Every structure is written in structure tokens, then in C-alpha cells.
Amino acid sequence: MSFKNNIDIKIRKMLKSDLPFFNEVRNHSYMFLHDKNNYTLEDNIEWFKSLKTPFFIVEIEKESIGYFRTSNWVNNTLYIGMDIHKKYRGLGYSTPSYVNFIKLLKDKFNINTIFLEVLTSNKRAINIYNKLDFTIIGVEPHDEVDKTIKMKLEL
């Protein structure tokens, strides 16, 4: 993976104080997610208390622009996904953010395989994952409109 990355991207573990930002982004990203429900800040505070896997905030010039979701940490593998604030979509931040996050996962957590699931309607995300060399490992029905594409990246 070789991408021009002259954007100063910082990735840090999500804190309870990030939950208002998280809630806003998550609820404005529902159309790209498998779970289309909207949640209140109180819902997310309760969810955060029981969170077993870390989520990570993405910052550019000390401003939060999105977050990474992680789940299913098993041995040296996990699932990831990113949601980006609507005012930062389409500005070229997602791909370098993924490059930095994948490097962090490999270097700090010794992850060697990353999985993700994406809806067929999320063309921008699919394009990013293809650029990052994720490969399709399966497709299954999601609802009457969409399918879920399962992808994998070996590090």
C-alpha cells in the first residue's frame, strides 16, 4: 500500500468525552451501516460503558473528523470500519486514515489479518477498500435492496 500521505492524521483511543461527536457522526452515517437505527447520546453512553473492544477517533489538525470501529479481536485478527463526519466526506481523508490505522493495528497490536463488511450500496467505501488491496471473500444478502460484501486484508 503506497499512498501520498501529507495529511497530519492522528488516531487515538475513543474516550467517554468523545461520545457527543461519536453520536452525531454515527447518526448521520446510518445509511452506510448495517444497523440503521438512530441512537440518543444516553444510549451511546450506556453502550460505551459495556464496550469490550476499542474504538478510535481520527483527528486532523486537532479536530475530530471520524472514528474507527473495531470488533471480533481474535488472535491476530479483527473487524474494522470507519464513519466520517458529513462535513469531511469526499475530501480525501478516508484512504490516508485507513493507511495510518492499518499501520497502527499492525505495529501496536500485532494484527496480521483485517476483515470488514460493507453494503453494496456504499460505493465510496468499496472503492477505498479496493485501493487498499482488500479482497472479497464472500457476499450475502442483507435486505431487499442491499447485499453485504465481506472483505479481507492480509498484512
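**Stop one: a lysine on a strand**

Select Lys 13, which sits in strand β1 (residues 9-13). Before going on, note that this is a predicted model, where local features need pLDDT of at least 70 and side-chain atom pairs count only at pLDDT 80 or more, while totals for chains, interfaces and linings use all residues. Residues are numbered from 1 along each chain as its sequence is written, and side-chain values use heavy atoms, with hydrogens and water left out. Helices (H or I, at least four residues) and strands (E, at least two) are DSSP runs, numbered from the N terminus.

Is Lys 13 buried or exposed? Its relative accessibility is 54%, so Lys 13 counts as exposed; the cut-offs are under 20% relative accessible area for buried, over 50% for exposed, and partly exposed in between (1.4 Å probe, protein chains only). Now show its neighbours: leaving aside residues up to four places away in sequence, Lys 13 touches Asp 18, Pro 54, Phe 55 and Phe 56. Touching, or contact, means heavy atoms within 4.5 Å.

**Stop two: α1 and α2**

Next, select 19-28 for helix α1 and 41-49 for helix α2. Their axes come within 10 Å and cross at roughly 115 degrees. Axes here are lines fitted to C-alpha atoms, for helices over the stretch in contact, and angles run from 0 to 180 degrees between N-to-C directions. That makes α1 and α2 roughly perpendicular to each other; angles under 35 degrees count as roughly parallel, over 145 as roughly antiparallel, 65 to 115 as roughly perpendicular and the rest as oblique.

Which residues make the contact? Show Leu 19, Pro 20, Phe 22 and Asn 23 from α1, plus Leu 41, Asn 44, Ile 45, Trp 47 and Phe 48 from α2.

Stay on α1 for a moment. In this helix, 7 of the 10 residues are buried, so α1 is largely enclosed by the rest of the structure. Colour them in: Leu 19, Phe 21, Phe 22, Asn 23, Val 25, Arg 26 and Asn 27. They pack against α2, β2, β3 and β4 (77-84).

**Stop three: the rings**

A pair of aromatic rings is described by the distance of the centres and the angle of the planes. Rings of Phe, Tyr and Trp (its six-membered ring) pair if their centres lie within 6.5 Å; planes under 30 degrees apart count as stacked, over 60 as edge-to-face and the rest as tilted. By this rule there are 15 aromatic pairs. Trp 47 is partly exposed, at 26% relative accessibility.

Then pick Phe 55 and Tyr 67: their centres are 6.3 Å apart and their planes at 20 degrees, so this pair is stacked. Phe 55 lies in the loop between α2 and β2 (56-60), and Tyr 67 in strand β3 (residues 63-74), 12 residues apart. Both Phe 55 and Tyr 67 are buried.

To finish, select Phe 56, Phe 68, Trp 73, Tyr 98, Phe 101, Phe 109, Tyr 129 and Phe 134, which form one aromatic cluster.
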